[in-house]
Amino acid sequence: MALKNRASSVKNRASPVFAILAIFMLCITNTSAQNNPVFACDTDKNPGLKNFTFCDPSLDVKTRVDDLVKRLTLQEKIVNLVDNAGSIDRLGIPKYEWWSEALHGVSYVGPGTHFSGLVPGATSFPQVILTAASFNETLFKTIGKVVSTEARAMYNVGLAGLTYWSPNINIFRDPRWGRGQETPGEDPTLTSKYGAAYVQGLQESDDGDKDRLKVGACCKHYTAYDVDNWKGIDRYHFNAVVTKQDMDDTYQPPFKSCVIDGNVASVMCSYNQVNGKPTCGDPDLLTGVIRGEWKLNGYISSDCDSLDVMFNSQHWEKTPEQIAADALIAGLDLNCGDFLGKHTEAAVKAGLVKELEVDRAVANNFATLMRLGFFDGDPSKHIYGKLGPKDVCTSANQELAREAARQGIVLLKNSPGSLPLSPTAIKSLAVIGPNANVTKTMIGNYEGTPCKYTTLLQGLTASVATVYQAGCTNVGCGTAQVDEAKKVAAAADAVVLVMGSDQSIEAESRDRIDITLPGQQNLLITEVASAAKGPVILVIMSGGGMDIQFAKDDPKITSILWVGFPGEAGGAALADIVFGQYNPSGRLPMSWYPQSYTEKVNMTNMNMRPDPATGYPGRTYRFYKGETVYTFGDGISFSEFTHHLVTAPKLVSVPLEEGHVCKSSACKSIDTVEQTCKNLAFNIHLRVTNSGKMGGSHTVFFFSSPPSVHGAPQKHLLGFQKVNLAPRQQGVVKFHVDVCKDLSLVDEVGTRKVALGQHILHVGNLKHSLNLRI
């Protein structure tokens, strides 16, 4: 999506828009801003506006939008095609800034939102990759609700907008991608469920009105976008070559779910090309799929300055007017940047695009603002009008940030007698590492000013006496201070090493070359572990996976935890787990690969499936054939959870109509047509027992390994559930299986099929064979 800070992009591409905004963002101060929200149809100040149909909240959105659009001149329409939308004073419509961000809390990225003395900060939840590790749909939605409440509260005092360009639902296909941290991981099912739930949390109005929006969310970056800047190949010039099969079973499902299940108000097209066409100028991808197939109720936005990229970087057309026409005809409604503002009028006058396309675009934009209540007059008289600074950074919201981090943190290794530590038995705890006492690193990118920070060192120090040694001057760890760290470790009862990365290692416009820990971090870890006399807990703070095979194999390193970028309360959450106040239940949402992967696999190869002819190993746990350090779904607990299959069919017969070709000849698969699929479903019941001594949550995964036809995944996630059990308690987890939805796969030409034959269902840690036949 839009650049984390437009100042950084000035180095990449000289753009006056970016430069001006960079100066703007650097000039944000902590002074109190205006106390009035921006809205149209202020009939209290201008009673004459009551005569306009578009200002009548009792009418339906379409009637109001049609009335507004027909009143506008072409120039008035054009100023509403860009994120910094212009005012139409004669109609009582003020300027509006569309660009705000809320990836994991209200953000100061984007000019639509900023903090002041009135609201100095907002709740900063864990970076998305860690929240996704909770595998908790309820949590995803609850965070969305809190973020939108804080956003509305800030809007009411003139500090924020109503449209937020989040979430990022691209697939974390390659471990080197700098923006993988922003996503829910490598799996299309998890990403789809996260996207839909977070969007619902952000958008759904508390009065149950389906036509209304609390705030407007945006699913990005559409589509097949996951190369930022790798070995000189950047997103502005990259052409993602994607098969129809990979498009339909990997890259598109999260966006489809976001629109259909989440009812998202916006989709943002990406910088890159897909199969030779810029996404923001592709009518098949925009009008054909988003509007035609998925029926988006909202607007399609460009990524920031992506039309400028189409013209100046990709040289897609000979003139800017042709680019403007291509984008509008393709189905783009809003341009982040000023390209449509500058070139649309000339494009219309030259006959390159009809004014009707401009009408459609502004109608979609205005319809979104109407659903947000922007045209309903004074917001203080409406549903969220009483929210204000008191509703931001509440104790409940900050506690949720801590809970989200607790639920996401993944325990990857735990030798007997290591974790949890006893706060009474540990007299001194050595806390070592460049990420032990960092603040901003904890909140990742697309961040806002948090309510407050609890660093990992602060969290641990709240329970026991600690001795802190950074060990490196920063995460780059050019020269590790090994001797000082070993001395501290040797004198302590236990050691916590906090290593990993930050935005200098993995970030927007910064893909990694290596997936090892930076600099001399490995040396520091190994030397400290060898000197320690008690448990050694290695904590990795990072967005992407790391090759830490050496630590996994080292018996002196007794526990390993991954904490992602854990948000403002990361230190408190880690301490809760380390000292046994909370039983870890997070599971990895992405695979961790050995460094050798980076030497064998070209990051720009978008193919998900392996190619034996070239030795290409494929991508993600679904297709990758090769060694991993840890794989998707890995994670352990302080308790042992056992599984027992209660109900599951061994045979399912698929009904076919008379004369079906598969009745007379052998078929490997059948099309998922309505007649075949109707009521073709079954339930699976799994009994889960907490056989440990500590209560806690447990994630139950439901995977399928289909028959080996049509390049099927070796294993793919169908669903997941969390169950919370006290010691010795049992619970039953139920999965409802829709055969054509859940047990189908996409064939080589993008057609959805049900594979006939033996499907292996992985229910929890059990395997169950299911025969699907006609």
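This briefing goes through strand pairing, salt bridges, a surface charge patch and some backbone features of one structure. The model is predicted, and every value below is computed from it. A search of the whole structure finds 39 salt bridges, and a patch of negative charge on the surface gathers Asp60, Asp207, Asp209 and Asp211. Among the strands described here, E27 pairs with E18 in the parallel sense and with E26 in the antiparallel sense.

**Strand pairing around E27**

- Strand E18, which covers residues 651-653, runs parallel to strand E27, residues 766-773, and three bridges join the two; within this pairing, Leu651 stands opposite Asn771 of E27.
- Strand E26, residues 757-763, pairs with E27 in the antiparallel sense over seven bridges, and Leu761 has His768 in E27 as its bridge partner.
- E26 and E27 form a hairpin with two residues between the strands, where Gly764 takes a positive phi near 60°.

**Strand pairing around E25**

- Strand E19, residues 669-671, and strand E25, residues 752-755, run antiparallel and are joined by three bridges, with Ile670 standing opposite Val754 in E25.
- Strand E24, residues 744-746, also runs antiparallel to E25 and is joined to E25 by three bridges; here Val746 has Arg752 in E25 as its bridge partner.
- The hairpin formed by E24 and E25 has five residues between the strands, and Gly750 in its turn has a positive phi of about 90°.
- As background to these pairings, the side chains of a regular strand alternate between the two faces of the sheet.

- Side chains of opposite charge can pair when their charged atoms come close.
- Arg402 and Asp576 meet through their side chains in a salt bridge, at 2.9 Å from N to O. Because Arg402 lies in helix H15 (residues 395-408) and Asp576 in helix H20 (residues 570-578), the pair ties together parts that are 174 residues apart in sequence.
- In this pair, Arg402 counts as partly exposed because its relative accessibility is 27%, whereas Asp576, with a relative accessible area of 8%, is buried.
- Asp338 and Lys342 also meet in a salt bridge between their side chains, at 3.5 Å from N to O; Asp338 is partly exposed, with a relative accessible area of 28%, while Lys342 is exposed, with a relative accessible area of 53%.
- Lys741 forms a salt bridge with Asp742, and the closest N and O atoms of the two are 3.9 Å apart. Lys741 is exposed, since its relative accessible area is 61%, but Asp742 is buried, since its relative accessible area is 12%.

**Negative patch on the surface**

- The residues that gather in the patch of negative charge are Asp60, Asp207, Asp209 and Asp211.
- Asp211, one of these residues, lies in the loop between helix H7 (188-203) and strand E3 (219-222), and Asp211 counts as exposed because its relative accessibility is 53%.

**Cis peptide bonds and positive phi values**

- The peptide bond from Tyr222 to Thr223 is cis, with omega near 10°, and Thr223 has its place in the loop between E3 and strand E4 (229-230).
- Leu419 and Pro420 are likewise joined by a cis peptide bond, with omega about -5°, and Pro420 has its place in the loop between strand E11 (410-414) and strand E12 (429-432).
- Asn679, a residue other than glycine, has a positive phi near 60°; Asn679 is in the loop between helix H24 (674-677) and strand E20 (681-690), and counts as exposed because its relative accessibility is 74%.
- His710, also a residue other than glycine, has a positive phi near 55° and lies in the loop between strand E21 (696-705) and strand E22 (716-725). With a relative accessible area of 19%, His710 is buried, because the limit for that class is under 20%.

Key:
Residues are numbered from 1 along each chain as its sequence is written. This is a predicted model: local features need pLDDT of at least 70, side-chain atom pairs count only at pLDDT 80 or more; totals for chains, interfaces and linings use all residues. Side-chain values use heavy atoms; hydrogens and water are left out. Patches are made of residues with over 30% relative accessible area and no salt bridge: like charges are joined within 9 Å, nonpolar side chains (Val, Leu, Ile, Met, Phe, Trp, Tyr) within 5 Å. Accessible areas come from the Shrake-Rupley method with a 1.4 Å probe; for residues, only the protein chains shown count as cover. A salt bridge is a side-chain nitrogen of Lys or Arg within 4 Å of a carboxyl oxygen of Asp or Glu. Lys and Arg count as positive and Asp and Glu as negative; His and the chain ends are not counted. The place of a charge is taken as NZ of Lys, CZ of Arg, CG of Asp or CD of Glu. Helices (H or I, at least four residues) and strands (E, at least two) are DSSP runs, numbered from the N terminus. Buried means under 20% relative accessible area, exposed over 50%, partly exposed in between (1.4 Å probe, protein chains only). Two strands pair if DSSP finds at least two bridges between them.
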